[in-house]
Amino acid sequence: MTIPMPQSLVTIDASEPLEKIYEIIERDGGVIVKNMLSPELLAECMGAIEPHFQTRETYKSKATHEELGADFFPEGSKRVYALLSKIPEQLTKIMRLDVWQGIMGRFLNDEYYSYTGENLLPQKSGYMLASTAALRLVPGAKPQPLHRDQIAYMVRPDPSNPLFTPMVGCLIAGSKCTYKNGATAVIPGSHLWGPERAPKREECTYAEMEPGSALFCLGSTYHAAGENICDPTDEDALRTLFAVFAQRDYYRQDQEEVLSTPIEIARKLPEDILKLSGYYKAVGGVGYVEDHQSPHEFLQTDYGIGKLGSAAQAAAQAIKNAL
């Protein structure tokens, strides 16, 4: 069987109507949004993350404790996770962008109806931050296996609801992204495939982007980090992306940013960012604390998260003193 040449990913400017962007994602499973970050915000993000990259060695792990298969994160990348605790001001600005919120809301919100007794209760679910990371490929980095991000949620494509996915990926170009330095490989249209079809490299196109552009992909779209074949002296030898993924708010959060973000930082975050970051329970009530409160209610109390954090530190210090 002859495999058709892959179509290119559509690139559309962030100023275009959101409905046009939605239509492209529905058809192709992904899109490149040009000029999503302003030059000023891009410079802020790169300046804020660079000190963290300087202290990171290249990634050595051959897998994420094997839950995602061998070599899921091949060698040759530098990874900085949990950006809410590292660049909170810049991440807040990204999460407030109309394009980011619009796409996440369109593909991750559900309308739901169920009886409680004889009353029909209508609900509309929301979305929240799934995971964040800054990802840098260095020369010599090997390609990542093609995969669907929704593998982590154990969700298979449903032919009766082909656009349903638990999460949506957003990869923002911090640097120029080229085929040579490891631009993300994507198979347009693969979000409509059943679970029995395996992806092939020859079906891929590559998300070549200018700094400030962003690749949005449904969790059901096959993609992977590319291979960095640049010489270290090349001007664009380093490929840097910011991952700002979102998910349906009733799934367990992919990356537990609530646990990795210091209380002192969380207490300073604005309410809309706390809500998006996992400090609120879902519309349906999932994620509550104690007497059905949202976690954010405990941030400012003496008996909740803050007290537990202080108690844990005190206990740790007592153990250290006893040794």
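Which strands each supply at least two residues of the lining of the second largest cavity?

First, the ground rules. This is a predicted model, where local features need pLDDT of at least 70, side-chain atom pairs count only at pLDDT 80 or more, and totals for chains, interfaces and linings use all residues. Residues are numbered from 1 along each chain as its sequence is written, and side-chain values use heavy atoms, with hydrogens and water left out.

Start with the sheet. It is open, has 7 strands with mixed pairing, and runs in the order β1-β2-β10-β7-β12-β6-β3. Strands here are DSSP runs of E, at least two residues, and helices are runs of H or I, at least four residues, both numbered from the N terminus. Two strands pair if DSSP finds at least two bridges between them. At the edges stand β1 (11–13) and β3, each with a single partner strand, so one side of each has no neighbour in the sheet. On average, neighbouring strands are turned by 25° against each other, direction ignored.

Helix α1 (residues 18–28) touches β1, β2 (30–34) and β10 (214–218), and its direction makes about 145° with that of β2. Helix α4 (residues 98–108) lies across β2, β6, β7, β10 and β12, at about 40° to β12. Contact means heavy atoms within 4.5 Å. Axes are lines fitted to C-alpha atoms, for helices over the stretch in contact, and angles run from 0 to 180 degrees between N-to-C directions.

There is also a helix pair. The axes of α2 (residues 39–54) and α3 (residues 88–95) come within 9 Å and cross at roughly 145°. From α2, L41, E44, C45 and A48 meet Q90, K93 and I94 of α3. Those residues divide into 4 nonpolar, 1 polar and 2 charged. For these classes, Ala, Val, Leu, Ile, Met, Phe, Trp, Tyr, Cys and Pro count as nonpolar, Asp, Glu, Lys and Arg as charged, and the others, Gly among them, as polar.

On a 1 Å grid over the protein atoms alone, a cavity is a set of points where a 1.4 Å probe fits but cannot get out; a pocket is an open set with protein on both sides within 12 Å along at least five of seven lines; and lining residues have an atom within 4 Å of a point. Points are joined across faces, edges and corners, and a volume is the space filled by probe spheres set on them.

The largest pocket holds about 890 Å³. Its lining has 36 residues, with L68, F72, F73, S131 and D254 nearest the centre. β6 gives the largest share of that lining, 5 residues. By class, the lining has 19 nonpolar, 10 polar and 7 charged residues.

Finally, the structure holds 2 cavities of 30 Å³ or more. The largest is about 50 Å³, and its lining includes P74, E75 and G76.

The second largest cavity is about 30 Å³. As for the opening question, the strands are β7 and β10. β10 gives the most, with 3 residues. The lining consists of D149, G169, L171, L215, F216, C217, H223 and F245.
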